[in-house]
Amino acid sequence: MAFIKRKPKENRLPTEFENLSTATEVVQFAQDKGIETSPLDVSALTRLLGIKMRFEPMDGEDSGSLVKDKKSGEWVMKVNSLHHCNRQRFTIAHELGHYIKHSMQSESFNDKTFFRNGETNRLEIEANQFAAELLMPAEIYHHFIKHNSQKVEDIAAHFQVSSMAVRIRAKQLGYEGHNV
């Protein structure tokens with residue numbers, strides 16, 4: 001009796017998405033596919049990428065998870081339904097960051113509080129950065145501050161993110177010490 005050695009399944013993005021590696025490329029891809037990008041419709045983008053999304057209550061500060069189903073091979077994203085919709089948007093963008101940047105390294109990402117926990121894990125830091133860039137692209141952020149408002153509340157409302165996410169993005173973009 002001969003045994004056939006099977007190749008392990010590769011953790012690869014589908015061919016259509018394998019050239020996506022930056023938030024800017026993902027936003028352009030969404031725009032090319034007719035998805036609203038101002039602000040980005042992260043739910044539509046998630047569906048387009050073939051990721052199943054579920055909103056359900058989660059314990060404590062758990063924000064979300066992204067797991068590849070062993071049987072179907074499909075990626076499933078869970079988002080804490082008890083969190084504010086702006087926090088959910090960041091969670092979705094964060095999980096998309098894991099999908100785009102890290103799905104070749106792991107088949108499971110379970111995320112707690114994002115910016116609040118002083119996370120030092122490289123994958124979490126990269127997913128947070130990706131999410132911030134995806135939801136608040138630098139060029140649009142600068143334009144909004146220059147032409148609309150420098151108030152944190154106005155920026156948060158425009159990008160549909162939390163005030164904390166706005167403050168962190170402002171710092172990343174060099175606005176530390178300014179009104180934002």
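**Figure 1. Ala 23 in helix α1.** Ala 23 is buried, with a relative accessible area of 2%. This residue belongs to helix α1, which covers residues 23–32. The model shown here and in the other views is predicted. Leaving out residues up to four places away in sequence, Ala 23 touches Phe 130, Glu 133 and Leu 134. The C-alpha atoms of Ala 23 and Leu 135 are separated by 8.7 Å. Along the chain, Ala 23 and Leu 135 are 112 residues apart.

**Figure 2. The overall fold.** The protein has 7 helices and 4 strands. Along the sequence they run α-α-β-β-β-α-β-α-α-α-α. The protein has 180 residues, and 44% of them count as buried. The accessible surface comes to about 10400 Å². Carbon and sulfur atoms account for 49% of that surface. Consider contacts between residues at least 6 apart in sequence: 62% of them join residues at least 24 apart.

**Figure 3. The cis peptide bond at Pro 39.** Ser 38 and Pro 39 are joined by a cis peptide bond. Omega for this bond is about 0°. Pro 39 sits in the loop between α1 and α2, the latter being residues 42–48.

Figure 4. Helix α3 runs through residues 85–102 and has 18 residues. From its first C-alpha to its last, α3 reaches 25 Å. That is close to the 26 Å expected at 1.5 Å a residue. Of the 18 residues of α3, 16 are buried, so the helix is largely enclosed by the rest of the structure.

Figure 5. Asn 86 is found in helix α3. Its relative accessibility is 17%; the cut-off for buried is under 20%. Asn 86 therefore counts as buried. Beyond its neighbours within four places in sequence, Asn 86 is in contact with Gln 160, Val 161 and Ser 162.

**Figure 6. Gln 160, a non-glycine residue with positive phi.** Gln 160 has a phi of about 55°, although it is not a glycine. At 34% relative accessibility, Gln 160 counts as partly exposed.

**Figure 7. The packing of helices α6 and α7.** Helix α6 (residues 152–159) packs with helix α7 (residues 163–172) at an angle of about 105°. Their axes are 9 Å apart. The two helices are therefore roughly perpendicular to each other. On α6, the contact is made by Val 152, Ile 155 and Ala 156. On α7, it is made by Ser 163, Val 166 and Arg 167.

**Figure 8. Ser 163 in helix α7.** Ser 163 lies in helix α7. At 28% relative accessibility, this serine counts as partly exposed. Leaving aside neighbours within four places in sequence, Ser 163 is in contact with Val 152 and Ala 156. Both of these residues also belong to the α6 side of the α6–α7 contact. Ser 163 and Lys 151 are 12 residues apart in sequence. In space, their C-alpha atoms are 9.8 Å apart.

**Figure 9. The stacked pair of Trp 75 and Phe 109.** The count of aromatic pairs comes to 5. In the pair of Trp 75 and Phe 109, the ring centres are 6.5 Å apart and the planes meet at 25°, so the pair is stacked. The pair links distant parts of the chain, 34 residues apart. Trp 75 is in strand β3 (residues 75–80), and Phe 109 is in strand β4 (residues 108–111). Trp 75 is buried at 8% relative accessibility. Phe 109 is buried as well, at 4%.

Figure 10. Tyr 141, Phe 144, Phe 159 and Tyr 175 form one aromatic cluster. Leu 173 is found in the segment after α7. Not counting residues up to four places away in sequence, Leu 173 touches Ala 138, Tyr 141 and His 142. Tyr 141, one of these contacts, is a member of the aromatic cluster. The C-alpha atoms of Leu 173 and Ala 138 are separated by 7.2 Å. Along the chain, Leu 173 and Ala 138 are 35 residues apart.

Technical notes. Residues numbered from 1 in each chain as written. Predicted model: local features only at pLDDT ≥ 70, side-chain atom pairs only at ≥ 80, totals over all residues. Heavy atoms only, no water. Buried < 20%, exposed > 50% of the residue type's maximum accessible area, 1.4 Å probe, protein only. Contact = heavy atoms within 4.5 Å. Areas by Shrake-Rupley, 256 points an atom, 1.4 Å probe, with all protein chains shown as cover. Expected span 1.5 Å × (residues − 1). Phe/Tyr/Trp six-rings, centres within 6.5 Å; stacked < 30°, edge-to-face > 60°. Axes fitted to C-alpha atoms, helices over the stretch in contact; angles between N-to-C directions. Parallel < 35°, antiparallel > 145°, perpendicular 65-115°, else oblique.
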